[in-house]
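Subject: Handover of a structure and notes on it

Dear colleague,

Please find below the structure that I am handing over to you.

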Amino acid sequence: MDTWKFYDVTHRYHEVCNPTSRAKLDELVGLLRLNPGSTVLDIACGKGELLTRLAERYEISGIGVDISPYCVTDAIQKLRQRVPGAQIQILNVDGADYSPDQLFDLAMCIGASWVYKGHRGTLSTLKTMTKPDALILIGEPFWLKDPDDAYLVAENLRRDMFGTHYENVLVGEDEGLFPLYTMVSNQDDWDRYETLQWYAAEMHARDNPDDPDVSEILTRVARGRTNYLHWGRDTVGWAMYLFRKPSHAN
Ligand SMILES: C[S@@+](CC[C@H](N)C(=O)[O-])C[C@H]1O[C@@H](n2cnc3c(N)ncnc32)[C@H](O)[C@@H]1O
């Protein structure tokens with residue numbers, strides 16, 4: 001089935017497609033303290049919740065990029081409803097193919113570092129898209145403990161895909177960035193993120209019995225449920241990492 005349809009169905013009830021609570025997201029938005037006129041880039045912006053909150057709180061302009069047509073439609077609709085007239089453009093393109101013609105005051109990539117081949121690649125790419133003294137915000141998993149081989153196989157992951165929380169910060173420092181803040185999710189945040197997918201899949205199956213993809217959706221979600229409860233819940237953490245680019249950088 002279409003990958004983006006699968007995520008659209010399983011994330012139907014998520015505002016943000018990552019394990020950050022509403023309260024933590026609000027706190028983070030407050031800490032950004034963007035000046036009027038700031039420019040913001042969100043690579044893999046999902047349903048545009050973070051951009052929308054930023055536009056509600058600050059006088060910004062910005063660009064959101066996402067490969068999923070479902071996410072792009074949701075993001076545009078959300079912005080129109082909540083911040084009519086916001087100077088935010090949402091583009092339906094692959095982040096890897098997107099090259100901006102301006103530098104930004106804040107660049108973000110939350111939960112999609114594969115676009116730039118991992119955490120380090122994402123930081124180094126966002127550095128090239130930002131002004132000196134800019135903020136860079138990344139959402140990235142980290143290992144809570146050494147993952148079981150069986151978990152890696154079940155989820156088609158490699159050990160070297162993620163670092164520890166400490167390593168995620170160190171990579172930023174190694175890229176010449178100053179770590180300003182980390183917003184770490186707890187098990188409640190993870191449980192909400194994961195189990196809302198079970199709920200959404202079941203609701204979709206109930207409401208759309210004729211959808212030919214229902215069986216595959218339920219099978220994939222059931223597999224994810226087992227992997228999460230068996231291994232993932234104790235193995236993978238999640239944090240948002242806020243870095244500052246030095247003022248002398250270009
Ligand atoms: C885990 S979700 C995070 C979404 C959003 N940043 C958030 O936190 O709510 C990952 C997002 O990456 C998008 N995505 C996946 N591959 C992409 C790519 N190559 N270029 C742009 N977006 C991509 C998906 O459509 C999805 O919206």
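The notes begin with the whole protein and then turn to individual residues.

This is a predicted model, in which local features need pLDDT of at least 70 and side-chain atom pairs count only at pLDDT 80 or more, while totals for chains, interfaces and linings use all residues. Residues are numbered from 1 along each chain as its sequence is written, and side-chain values use heavy atoms, with hydrogens and water left out.

The whole protein

The protein has nine helices and seven strands; helices (H or I, at least four residues) and strands (E, at least two) are DSSP runs, numbered from the N terminus. Its radius of gyration is 18 Å, close to the 18 Å that the globule rule gives for 250 residues, so the protein is as compact as a globular protein of that length. That radius is taken over C-alpha atoms, and the globule rule is 2.2 Å times the number of residues to the power 0.38. Along the principal axes, the C-alpha atoms fill a box of roughly 55 × 45 × 35 Å.

Of the 250 residues, 50% are buried. Here buried means under 20% relative accessible area, exposed means over 50%, and partly exposed lies in between (1.4 Å probe, protein chains only). Among contacts (heavy atoms within 4.5 Å) with a separation of 6 or more, 75% are between residues 24 or more positions apart. The accessible surface comes to about 12,300 Å², and carbon and sulfur atoms account for 50% of it; these areas come from the Shrake-Rupley method with a 1.4 Å probe, and for residues only the protein chains shown count as cover.

Helix H2 spans residues 22-32. Its buried residues are Lys24, Leu25, Leu28, Val29, Gly30 and Leu32. They pack against several elements, including H3, strand E5 (130-143) and helix H8 (187-207).

Arg33 is exposed, with a relative accessible area of 65%. Although Arg33 is not a glycine, its phi is positive, at about 45 degrees. Most residues other than glycine have a negative phi.

His14

His14 sits in the loop between helix H1 (3-10) and helix H2. Is His14 buried or exposed? It is buried, because its relative accessible area is 3%. A polar atom of the His14 side chain lies 2.8 Å from the backbone oxygen of Tyr193. Not counting residues up to four places away in sequence, His14 touches Lys47, Arg192, Tyr193, Leu196 and Gln197.

Ala44 and Cys45

The loop between E1 and H3 holds Ala44 and also Cys45. Ala44 is partly exposed, at 21% relative accessibility, whereas Cys45 is buried, at 9%. Ala44 has a positive phi of about 65 degrees, although it is not a glycine.

Which residues does Cys45 touch, not counting residues up to four places away in sequence? They are Leu51, Gly64, Val65, Asp66 and Ile90. As for Cys45 and Cys71, the two are 26 residues apart along the chain, and their C-alpha atoms are separated by 8.0 Å.

With kind regards

How values were computed. Polar contact = N/O pair within 3.5 Å; in protein donor to acceptor, adjacent residues only side chain to side chain.
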